[in-house]
Amino acid sequence: MGKRRRGNQEITSLTKKQKKHLKEFGEQHPFHDNVVDRPEKTQILRLPGSPQHPVPDSEEDSDEEQQSAYQKLLTTMIQGADDNSEDEESDNEDDEEEVEGESEEEEEEEEGSDAEEDLEDEEEGETPDNSQNKEHPEKTNGGIEETEEAETEGEFTDKKNEAAFCLETNLPAKGEENMGEQEEEDIFVKHQETELSEEEVGRILQGSKIKTQVKWPKLGTLQCMCPLERFPAMGQPSSAPLPSIHKTLEANWGLLNQSFAPEGGTMTDVTELQKELLGLMGTYRDVHFTNSSPLREAKEVQSAYCLHVLNHVLKANTRVLRNNAKLKETKDVNKEFRDQGITRPKVLILVPFRDGVLRVVQTFITLLEPKGKKMDVSNKKRFKEEYGEEPGESPPKLHRPDDYHAIFSGNTDDHFRIGVSIMKRSMRLYSPFYSSDIIIASPLGLRTVLGADGEKKRDFDFLSSIELLIVDQADVFLMQNWEHLLHVLKYLNLQPLDSHGVDFSRVRMWNLNNWAAHYRQTLVFSAIQEPQITNILTKHCHNYRGQVCSKTIPKVGSICQVLVQLPHVFQMFHSDSFMDQDARFQFFVDKILPQYRDSVMSHTFIYVPSYFDFVRLRNYLKKEDISFASVSEYSQRSEVSRARHYFQKGEKQFMLFSERFHFYKRYTIKGIHNLIFYGLPTYPHFYSEVCNMLQAGVREGGGSVSFTCTALYSRYDMHRLAAITGVDRAAQMLQSKKTVHLFITGEEKNT
């Protein structure tokens, strides 16, 4: 039967001319020899799409064959419009052969049915390849296009796993049939079923908000913004108790911190910080937490939002499955259950590195795995190979700060995306996006799929019904490419271009009204306060329930961690806006640089936070023929070594140094005598780290050198200034009529 099917498979893929040649000469063996190869199988799906295929001679026969093939395929898989067109072409080829003789008609019908079976088998077999393409995009544009084409073709062809993880056809598990009664008062249900009026949507889009402030024990000062009066502002922690936990998570949710418990120790209790975060997230307001340090709070924060994500997904899926059972039993054809979005993905988690995905998935497994049993996780081995860190990959033990090791532990690849679907205590990794509940990705990994205006191969419909967006380690995205994140946010909750097989009678009305953005909850976690991160919630988040932002007020700035005896001169310049970089450049060129042009002021180190400013200064120094070396994140290792050598020996008067290079490398630059901060560092501890580099030159040189430090700031640098000098000093500096302020650190008393 196998040989017969392979032969028929090859015949159906031939053109009319080739079939005629085969009939006349009877040379079938060359084709039999080649069909065992896998590439020939994948070509069978693509050949019918060619415009060179002949038109069938008999339209009536074509229609009959088309209907039967279409119905057979529909009973075995869910497919889109593209697959239907392929079936029609395949049937048309069979019809041509039928016209040649009645004796061959029965044979061709048999071959057509066998070919259909083979086609189904091939589509089943191609699914793993397609999911691999999703994870391994090529670097070239051509490779990316081929990858995305394969993803589109294999979107609904994972027959083996689709049956187990399909929401449309599954029914609730035992114990979940009668969960409707206890969900009546659940905030999840209230949030989903709240109906907004057009007037309220207009008020949300206008941006008018009622602002209040409250202080919590662990989260600190919270600034609350409410666009609608009927959803009041946050009060004390008692106003946001822990949300109801789904039955599947009841046994394990208390083990939230087990994954990062110290060896030999027990750390299984939910912390007070996690309780406050869970209570806040359970209100379905947007949350911006600005104190998620990679050394302290980051792991607790990640475990908390993983629990919230699973709780949301399981409740949503259980609701759909329960309504499936009701529809199966009910006799009322007019009864509607509005419980879905237009597409299935509900949660989008953005993390900067693959190691973050590994920790998120491990937390999911910890929370879902029944006690004493192993959870069914498909593609787990492949996932560990691609997202884990191999023993030989770990770098040597370098002398780097603790926060550096916390951020760059594990696999630090920043180009990835993976779909996760969950059903009945089972998890499927590498699921196609349109069959996934959760998508975990980096902004770069998603941007290669989303594409840009004018590109042919692009897709963003899977982001149309996102109900929960999580941006973890948002400060690290600033050090990668912030534009990628903004590009992803631009395509969230847009009306899809295709229906993707959705049952519109089950779609919620606010999804059909294109109001999904007003129901989406956004959770942003970062280690610092930064206007660009805050801008995410201001410009891209329109949750009808409002927003809550934590405000970190540093009493003691990082300047107190400077160990070198050093005068710090802070010079203020006038700027019209946060984005006004011309004012900073002109102030530096006119007021600061002339003071350091003299050869006496050699060994001058210029720290530049923005790469765009770095390029602008580099071009200016080249134009003015000033002796300088430059080091950026794009510099080769040999260029960095030469620049460090020339600067330390005094052969180059200036060194331009980008903040991103310091973030990724943390090299100690020796030979610094004069330090200029073209802009205040993004991370406050970078200020003290760079200032303490002056010690390295003192220890090796042995001579007494008078150091200087100059930092530029404007009134729009309030957050960075407060983190460096302390909130009280920063307030005095911004309110003072003086534009120059002096601090002295080191062995003597700090002033």
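**Ground rules.** I used the predicted model with local features at pLDDT of at least 70, side-chain atom pairs only at pLDDT 80 or more, and all residues for totals of chains, interfaces and linings. I numbered residues from 1 along each chain as its sequence is written, and side-chain values use heavy atoms, without hydrogens and water.

**Entry: helix 13.** Buried means under 20% relative accessible area, with a 1.4 Å probe and protein chains only. Among the buried residues are L273, Q274, E276 and M281. I found that their cover includes helix 14 (298-329), strand 1 (210-216), strand 3 (286-289), strand 10 (521-525) and strand 11 (547-551).

**Entry: E467.** I located E467 in the loop between helix 18 and strand 9 (468-471). E467 is buried, at a relative accessible area of 6%. Its side chain makes a polar contact of 2.7 Å with that of H312; such a contact is a pair of N or O atoms within 3.5 Å, within protein one able to donate a hydrogen and the other to accept it, and residues adjacent in sequence count only if both atoms are side-chain atoms. Leaving out residues up to four places away in sequence, I list Q192, H312, K346, R508, Y519, R520 and Q521 as touching E467, where contact means heavy atoms within 4.5 Å.

Terms used
Helix = DSSP H or I, 4+ residues; strand = E, 2+ residues; numbered from the N terminus. Buried < 20%, exposed > 50% of the residue type's maximum accessible area, 1.4 Å probe, protein only.
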